[in-house]
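Hello,

Here is the structure we talked about handing over. My notes on it follow below.

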Amino acid sequence: FFEQVPLAPPDVIFHLTATYKADTFPQKVNLGVGAYRTDKGKPWTLPVVKKADEILHNDPNLDHEYLPIKGIPTFTAASAKLMLGADSVAIKERRVAGAQSISGTGAIHLGALFLSKYYPKGAVAFVSNPTWANHKAIFNNVGIEVADYPYWNPATRGLDIDGFLGALNAAPNGSIIVLHACAHNPTGVDPSHEQWTAIADVMQAKKHFPFFDCAYQGFASGDLAADSWSVRHFVDRGFEIFVGQSYAKNFGLYGERCGCLTAVTRDTVTAKRVDSQFEKLQRSEISNPPAYGARLVNIVLNDPVLFAEWESDLRTMSGRIIDMRDKLYKKLIELDTPGQWNHIVDQIGMFSFTGLKGR
Ligand code: PMP
C-alpha cells in the first residue's frame, strides 16, 4: 500500500540547516533555526549545565531506569514554580497539574491531545499570524481545526493590537487561544503589560481558553519573572490555563528534548483528575519521558547556588542578543540606510521581522 503515500515536502527550517552545513562558503551565516550561537558561530553549552552534568555523573546511584510516566516529580514541581512564581497562589492551593514532556513541542502536543479528548468538540484553536510553523501541524494532527488571529502590523513593524482584540471578540465563545508567553516567534514582538491586560479582558468575557507556549523564559529579557509576566497575569485573574515550557533554549538543551506541560485548574480535585489524564495519555504516547535533560534541569532548579549561576548564564545569552540588535541598529543608522530601523531594537528575543522583502 505504500505506493499511494504522497511525498511530503521537507521541513523548511531543518532543510535550510542541512543546506547550510553543506555550503563551503567561509562567511556563511544561518539565520534560520532558532538556536543560540556564540561569536564564533558555535553552539554554547551553559557553564551551569556542565556543572550539573558533573554532579549527575558523580552520583553513585545514577542508573538508566525508566522515569515515572509523568517524569521526575521534583522537576515538574520546580517547572511550575519557575513559571508561576515561588509565591504562586495556585501552587499553594494545590490546583496545578504537570507532566514532563518531549521539550516544548511535546508539551504542546500533549496539551493539544488532551484538549482533543476533553475540550468541547468543535472548538477551534487560534494561533497568531504569523506563528511558529509547528503550532498548526500539532493541533491539526490531533484533529483540532486551526484559525489565526492578526498579530503583525507591517506598517508599524509592531503588534496589530486592534486586529488581535477584534479577532478574539469575533471568535466563537470558548475558543482555544495559543499565546506566546514572551519573545514571539517569528516576529520578536510582544504585547506590553497594558496590551496583555486588554487581551485577558476580552478572553475572560469570551470564556476563551489560554494555551501559553513558553519556549524562551529568561531568554528574552534575562529576567525569569519578567518573561513569564503574561502567564502569571492570567493565573492571577483566575483563568484555567495550559502552559508548555521548553528548556531547549534557556538551558541550551536542544537535543535532549526536555520540557513540561503545566495545567492550572480551579481546585485541587480538578488538578488531580487532569493529572491522572496526563499520565494516561503520556503512557500511550511515549510511556516515559527521557531522563538526561530533565535530570540536569532538576539539579539546577532545585539548588539555589546553581539557580543563581543559571540566571547569570541567561543574562549572558540575552545580553548578547540585545547587544547584537543594538550593533545592527547603530550600523544601519551609521550607513544612512533608508527607512526606519527602531523595530530592530524594540523587538525582543532571538527572532526579528526586519521588514525586508525577499527577492
Ligand atoms: N514554541 C516556539 C514558539 C518555538 O520557537 C519552539 C522552538 N523553535 C518551540 C515551541 C519548541 O521547541 P522544542 O520542542 O525544541 O522545545
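Helix α2 (residues 47-57) packs with helix α12 (residues 292-301) at an angle of about 105 degrees, and the axes are 9 Å apart. That makes α2 roughly perpendicular to α12, a label used for angles of 65 to 115 degrees. Axes are lines fitted to C-alpha atoms, for helices over the stretch in contact, and angles run from 0 to 180 degrees between N-to-C directions. Helices are DSSP runs of H or I with at least four residues, strands are runs of E with at least two, and both are numbered from the N terminus.

This is a predicted model, in which local features need pLDDT of at least 70 and side-chain atom pairs count only at pLDDT 80 or more, while totals for chains, interfaces and linings use all residues. Residues are numbered from 1 along each chain as its sequence is written.

On the α2 side, V48, V49, A52, D53, I55 and L56 meet R295, L296, I299 and V300 of α12; contact here requires C-beta atoms, placed from the backbone, within 7 Å. By class, this contact has 8 nonpolar, no polar and 2 charged residues. Ala, Val, Leu, Ile, Met, Phe, Trp, Tyr, Cys and Pro count as nonpolar, Asp, Glu, Lys and Arg as charged, and the others, Gly among them, as polar.

V48, V49 and A52 of α2 are buried (20 or more other C-beta atoms within 10 Å of the residue's own; exposed is 12 or fewer, and partly exposed is in between, with C-beta atoms placed from the backbone). Seen down the axis of α2, its buried residues fall within an arc of 100 degrees, so they line one face of the helix. The arc is taken over the directions from the helix axis to the C-beta atoms. These buried residues pack against α12 and α13, whereas K50, E54 and H57, on the other side of α2, are exposed.

In helix α6 (residues 134-141), the buried residues are H135, I138 and F139. They cover an arc of only 90 degrees around the axis, which puts them on the same side of α6. Their packing partners are α5, β2 (125-129), β3 (146-150) and β6 (176-180). G143 follows α6 and has a positive phi, near 85 degrees.

Around the ligand are G34, S103, G104, T105, W132, H180, N185, D213, A215, S246, A248 and G259, where the cut-off is a C-beta atom, placed from the backbone, within 6 Å of the molecule. This shell divides into 3 nonpolar, 8 polar and 1 charged. Helix α5 (residues 103-118) gives the most to the shell, with 3 residues.

Regards

Key:
Angles under 35 degrees count as roughly parallel, over 145 as roughly antiparallel, 65 to 115 as roughly perpendicular and the rest as oblique. Two residues are in contact if their C-beta atoms, placed from the backbone, lie within 7 Å.
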